[in-house]
Amino acid sequence: MSDCIFCKIIAGEIPSEKIYEDDDMFAFRDITPQAPVHFLLVPRKHITSLMAAEKGDGPLLGKMLYKAGELAAAQGCSEKGARFVVNCGSDGNQTVDHLHIHILGGRMMMWPPG
Ligand code: 5GP
Ligand code: ZN
């Protein structure tokens, strides 16, 4: 989608600190990190939000969730764990309308979220 920040990051039109990519997805560090480890995993396909995903996107979402865990471990979170967050819509405080998984680690997270 032409005016989507994350589509532009995937296309290399906006610079990012990439940590992973394959045919389906792309991961890069969040520009405003909320923890020592904070990166985003996004599908190459422009899906607006988790709740806009279609049934056919299921295998892609499954691959992304698995990869999120794998990448968190590779980023040093294997021993102490990590937080995986998908904000969705206005109540979910989603600010970029391209589906993304936040992966946060390197510190103790709070619960419940604010
Ligand atoms: P949301 O609030 O939609 O769940 O998360 C969007 C995230 O994208 C925020 O944590 C924000 O810091 C990050 N972000 C927004 N614009 C950019 C950008 O241009 N580059 C990078 N690396 N992260 C961004
Ligand atoms: Zn997009």
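Author: Donors are N, O and S atoms within 2.8 Å of the metal. Keep that cut-off in mind as we look at this predicted model.

Reader: What makes Cys 4, Cys 7, His 46 and His 98 the residues that coordinate the zinc ion (ligand 2)?

Author: Their atoms SG, SG, ND1 and ND1 sit at 2.0 to 2.3 Å from the zinc ion (ligand 2), and the cut-off for a donor is 2.8 Å. Along the chain, these donors follow the spacing C-x2-C-x38-H-x51-H.

Reader: Which parts does the pair Cys 7 and His 98 tie together?

Author: Cys 7 belongs to helix 1 (residues 5-10), while His 98 is in the loop between strand 4 (83-85) and strand 5 (101-105), so the pair links parts 91 residues apart in sequence.

Reader: How do you know whether Cys 7 is buried or exposed?

Author: Buried means under 20% relative accessible area. Cys 7 has 14%, so Cys 7 is buried. His 98, at 0%, counts as buried too.

Reader: Which residues touch the most other members of the largest nonpolar core?

Author: Among the 16 residues of that core, they are Ala 27, Phe 39, Leu 41, Met 64, Leu 71, Ile 101 and Ile 103. Helix 2 gives the largest share, six residues. Apart from this core lies another, of 10 residues, and Cys 7 is one of them.

Conventions:
Residues numbered from 1 in each chain as written. Chains lettered and ligands numbered in written order. Predicted model: local features only at pLDDT ≥ 70, side-chain atom pairs only at ≥ 80, totals over all residues. Heavy atoms only, no water. Donors = N, O, S within 2.8 Å, 3.2 Å for Na, K, Ca; no water. Helix = DSSP H or I, 4+ residues; strand = E, 2+ residues; numbered from the N terminus. Buried < 20%, exposed > 50% of the residue type's maximum accessible area, 1.4 Å probe, protein only. Core = buried A, V, L, I, M, F, W, Y, C linked by side-chain atoms within 4.5 Å.
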